Amino acid sequence: MPASPTTATTRDDAERLRATAGFVREQDTSVLLSRVLPGLDGPELRALTDRCRFSHAAVLVFPTDEHALRKDLARCGLPADGQARPSVVVRERLASRHRRDPADLDVRILRPAVRGPADEHRAVEVFALTVPPGSGLSRIAAEERRRDHEAHLAFDVERPDPLVLRGLLASFARHGAAADGGGYNPHEDGTVFYFTAPADTKTAYRRVELYAGGDHRDVLTEHLGGPLASAADARRPGEPDPAETLLWLLTGAWTTQALAACALLRLPEAMNRHAGVEGSRLARAVGAQPRSLATLLRYLAMLGVVSEGPDGFRLTEVGALLDAEAPGSMRPLALMYGGPFYQSFAHLAHTVRTGQPGFEHLYGENHFDHFARDPELATQFDRSMVSSAAMFDPLPAHPVLTAAAAAPGRPRTVVDVAGGTGELLGRVLTAHPTLRGILLERPQVVAAARAHLAGAGVGGRCDLRAGDFTEVPPGGDVYVLSRVLHDWDDDRCRSILRHCADAMPRHADLLIVERLLPADAAPSLATAWDLHMMCNTGGRERTADHYALLLEEHGLALAGHTPLALGAHVLHARRT
């Protein structure tokens with residue numbers, strides 16, 4: 001059953017709270033500063049780290065009442081007993097943006113405490129606009145969730161004095177942050193300096209706050225109207241230099257290759273997250289020229305893949321995912337995107353002109369046939385698919401699967417169509433010992449799937465079938481198409497869905513795992529993958545409504561969809 005709007009928005013707020021709390025708990029101040037201000041490194045980064053400490057991140061949520069807010073906080077592991085005080089500033093900003101009477105908006109602020117990675121005191125700054133059911137404020141909530149105007153990062157200035165503050169403000173401005181307001185709070189005896197983050201910032205937060213204890217209104221005046229707040233040309237404060245913005249965009253290919261080189265050199269395996277390794281020692285370990293490796297490491301540090309400290313370089317949480325032995329390693333994905341798929345993207349203009357995938361134009365055949373002729377490349381591709389398997393984590397708890405597992409009588413069967421090496425099916429069968437499985441795959445993949453499912457301890461409950469989409473096994477209870485339909489154009493999708501519908505008994509359910517294109521222009525991983533699929537497979541990503549139309553043509557109705565990790569969704573379809 002699809003979630004009600006209230007349930008969906010409540011879940012969304014809980015997820016945003018949980019994500020913000022996780023972000024605050026995990027951040028290293030030095031790494032975060034280098035991501036907020038790309039290009040900040042070396043002595044200047046160390047100087048800022050000595051004077052600033054990351055203190056909190058802010059999020060605006062929309063509970064139906066205060067009880068719902070505290071319930072969400074508790075669900076996310078945040079203290080729920082703090083005092084909620086009115087937030088006049090955020091209320092006024094919301095009223096101005098949405099042309100509402102401030103008296104109609106009840107905005108509260110709480111600061112539940114969390115601990116950083118070194119047990120330092122931090123907080124999640126929670127702004128809460130109460131949105132009672134039927135109040136008419138749901139449009140404001142939807143727009144604010146999409147835009148995240150109030151989300152920001154905050155750094156506390158240690159031992160502030162006018163000279164230190166001016167130096168910090170100058171560093172922020174020099175690296176592209178633009179003055180964006182501020183104020184002195186006599187009740188707290190503290191001064192706040194707001195910035196718009198640089199256009200090339202490497203975090204999702206577009207606003208940054210510096211907080212300095214004490215009365216620093218003289219420095220604040222300079223921040224608001226002096227040279228720190230003015231651009232070198234006639235652009236408004238906060239407006240990026242178009243040429244510089246384009247230059248940063250043009251370096252995207254370098255980023256892909258830097259990550260692929262990091263993986264190829266096995267840098268992550270030669271490093272760790274808890275102790276630094278000196279650059280020359282790293283060069284010896286990976287067989288690299290020291291000066292060239294130093295240049296690569298500096299770039300990776302700018303990306304937040306490694307961090308540099310007095311003891312050398314160490315891996316960040318992001319960089320650790322490129323270690324081949326790390327849980328959920330994404331190394332195979334880096335090698336694919338920096339290898340075959342990178343080369344085919346050089347032919348994107350050809351794809352746009354002709355409609356022929358760049359991969360097919362380059363290699364003379366579609367990517368499935370090409371991989372089938374190259375076992376080593378096929379294995380790398382299969383491993384790259386496993387790299388994104390974190391999106392499957394919530395799937396075994398889907399109501400369709402839990403209901404099938406709990407059904408009385410005969411064991412229910414899950415049919416995974418084009419299920420790869422069995423990563424998803426293995427998770428489902430492990431979570432539900434009463435279920436049985438059938439995996440349909442190409443002959444050259446079946447052996448790897450058999451080994452994986454046996455290793456997961458579920459091989460005895462799974463039947464492996466070698467075949468194609470015309471041979472979908474009949475009689476199953478739950479059918480799964482995971483990351484399959486986006487590989488194909490609409491005509492081929494219709495064919496795949498027709499074969500599935502023909503095989504499905506009337507009681508059966510169909511689960512489809514795909515990224516969904518947003519209905520508006522909101523940033524989305526699906527938008528990037530839509531371009532990738534067009535260039536490399538001839539497929540496409542789709543909106544939920546598009547999938548609903550394709551399903552309807554074959555007597556199937558979209559009952560609902562729920563989000564998964566990594567921008568994916570699971571769509572649930574049944575016979576009409």
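## The second largest pocket

Strand E5 (121-129) gives the largest share of the lining of the second largest pocket, namely five residues; strands, labelled E, are DSSP runs of at least two residues, and helices, labelled H, are runs (H or I) of at least four, both numbered from the N terminus. This is a predicted model, in which local features need a pLDDT of at least 70 and side-chain atom pairs count only at 80 or more, while totals for chains, interfaces and linings use all residues. Residues are numbered from 1 along each chain as its sequence is written, and side-chain values use heavy atoms, with hydrogens and water left out.

A pocket is an open set of points on a 1 Å grid over the protein atoms alone, with protein on both sides within 12 Å along at least five of seven lines, and its lining residues have an atom within 4 Å of a point. The second largest pocket holds about 820 Å³ of space, a volume being the space filled by probe spheres set on the points. Its lining has 29 residues, and those nearest the centre are Ile109, Arg111, Glu125, Asn185 and Glu188.

## Helix H5

Helix H5 (residues 88-98) has Val90, Leu94 and Ala95 as its buried residues, where buried means under 20% relative accessible area and exposed means over 50%, with a 1.4 Å probe and protein chains only. After H5 comes Arg99, whose phi is positive, near 55 degrees.

## Arg542

Arg542 sits in the loop between helix H24 (525-536) and helix H25 (544-552), and it is buried, with a relative accessible area of 0%. Leaving aside neighbours within four places in sequence, the residues in contact with Arg542 (heavy atoms within 4.5 Å) include Trp488, Asp489, Arg515 and Tyr547.

## Confidence

The protein has an average pLDDT of 88, and 95% of the residues score at least 70, where pLDDT is the predictor's confidence in each residue, from 0 to 100. Over residues 1-11 the pLDDT stays under 50, and over residues 226-239 it is also below 50.

Conventions:
On a 1 Å grid over the protein atoms alone, a cavity is a set of points where a 1.4 Å probe fits but cannot get out, and a pocket is an open set with protein on both sides within 12 Å along at least five of seven lines; lining residues have an atom within 4 Å of a point.
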